[in-house]
Amino acid sequence: MLLTISTTYSPATDLGYLLHKHPERIQSFDLTFGQAHVFYPEARDERCTAALLLDVDAVGLTRRPHGRFGENFALAPYVSDRPYVASSFLSVAIAQVFSSALSGKSKERPQLAETAIPLEVKLSTLPCRGGEQLLRRLFEPLGYKISAERHALDAQFPDWGESRYFTVTLQNTCRLSELLTHLYVLIPVLDDEKHYWVDDAEIEKLLKHGKNWLAAHPEQESIVRRYLKNLRPLTDQALARLCDTDLQQTDETIQAEEEAQVEARNVIPGLNEVRLQRVTEVLKQCGGKRVLDLGCGEGKLLRKLLREKQFEEIVGMDVSHRALKTAQERLHYERLPERQKERLRLFQGSLNYRDNRLVGYDAAAVIEVIEHFDLPRLTAFERVLFEFACPRTVVLTTPNIEYNVKFENLQAGHFRHKDHRFEWTRDEFHSWATRISERFGYAVVFHPIGPTTEDVGAPTQMAVFTQESQEEKTV
Ligand code: SAH
């Protein structure tokens, strides 16, 4: 089994520093299943190629106690492709022979290890269950140019058709460590076999080597399933953990975007985050399992709710198609593991019309939405939510207009957002919310959100409504 890695980065022989293997020497390593040899077929300043030759001990393999390949095939010990093809043996060899390069470390060329350089990989015999199509679906999203030549099952008997073996060349401009992590994970995925027992430790390896790319990979689910040999408890766990990382990364991007817009939008950096965090806490405390996010916008609160196991059913509704589409993209809805997908539903609807889909929930969040309604529509909303949908708990926030004097860029008499139809003082909000609670049988408490001052209060005001019958029950 032969793997070569070439670069045309100048001086190309720096590849030796990245791999921690001297271009002028042949080095051999003992592995549990055979030997690995590293040498350089070419080492010029313009182009340098390192080769990893894997010499798998075919006889030794038949004596292995666990995780034998081809377990359903009686002749497997005698007729085996394992010594000749790229498989999980190659991943193990990469991890052992190129361990520093795999983790992105280079003592002599630390900066180069961090740099994207032109790289070309050639795999002499790569088994692809799923054919060239799968090969492309796995590597192309990571930026690779691929050429693949499929081999006949037996050149002397063309009627037997094609084999699953390919000679593959992959080209990309990326960090060497990235390339090695891609190979480490994706070779066994293409092969769809593992020479060793797969257990929890495999999840850690997969998440470690897939850290920077797997969560965003469109084939995430099939990669995880094949890598973990379709073992349901393992794949579920790995997909759930990936989903968490993914959400976290998206959070960071969105937060950065928001902070960049702070000046323009006259809001306090991080206020949105604090607000949504607070709302999530209140929803958790109220003990609900089925929750609505009404006017969910681009899904920032939904993302937080998804992280909380307590919420078994999470619904996001918004009047805007565009906002829902963005929410769907930002939550990577299509790529969520089935279990997460089942918890989340997004639909379009207006809070100004009675809607049976909203009936029967434990709690509803209406965050920074009511100030977008014309006043007659606010009256309709009151009945839609508190009379017809009537969730046990409603968490509602709106800006406190008194605080606007603190925004230097905001002209007196202007609202915080051009689509706001009104903004209320604390008194106005309290009297509206109190009136609502009395009319529809709820109790209400108020909380400031954000930095609170003595004279003008906090930038956001929150009301938490609890159905009175419920309140009595909990007292
Ligand atoms: N709750 C989100 C978004 C607030 S922006 C957050 O806190 O980040 C206000 C949202 O309310 C927008 O997405 C807007 O499309 C939505 N909205 C406005 N009028 C609505 C209506 N009548 N019914 C449902 N959603 C509405």
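Predicted model: local features only at pLDDT ≥ 70, side-chain atom pairs only at ≥ 80, totals over all residues.
A backbone N or O atom of Ile 367 is found 2.8 Å from a ligand nitrogen, and a backbone N or O atom of Leu 351 is placed 2.9 Å from a nitrogen atom of the ligand. In the case of Ser 350, an N or O atom of the side chain lies 3.3 Å from a ligand nitrogen. The ligand taken alone exposes 570 Å², of which the protein buries 82%.

Helix H6 spans residues 131–139, and its buried residues are Gly 131, Leu 134, Leu 135, Leu 138 and Phe 139. Viewed down the axis of H6, these buried residues fall within an arc of 115°, so they line one face of the helix. An α-helix has 3.6 residues a turn, so residues three or four places apart point the same way. The cover over the buried residues of H6 includes strands E5 (117–127), E6 (145–152) and E7 (162–174), together with helices H7 (176–191) and H9 (220–227).

Glu 219 is situated in the loop between helix H8 (200–209) and H9. With a relative accessible area of 16%, Glu 219 is buried, the cut-off being under 20%. The side chain of Glu 219 forms a polar contact of 3.0 Å with that of Arg 137 and one of 2.8 Å with that of Ser 222. Beyond residues up to four places away in sequence, Glu 219 touches Arg 137 and Leu 138.

Terms used
Residues numbered from 1 in each chain as written. Heavy atoms only, no water. Polar contact = N/O pair within 3.5 Å; in protein donor to acceptor, adjacent residues only side chain to side chain. Areas by Shrake-Rupley, 256 points an atom, 1.4 Å probe, with all protein chains shown as cover. Buried < 20%, exposed > 50% of the residue type's maximum accessible area, 1.4 Å probe, protein only. Helix = DSSP H or I, 4+ residues; strand = E, 2+ residues; numbered from the N terminus. Arc of directions from axis to C-beta. Contact = heavy atoms within 4.5 Å.
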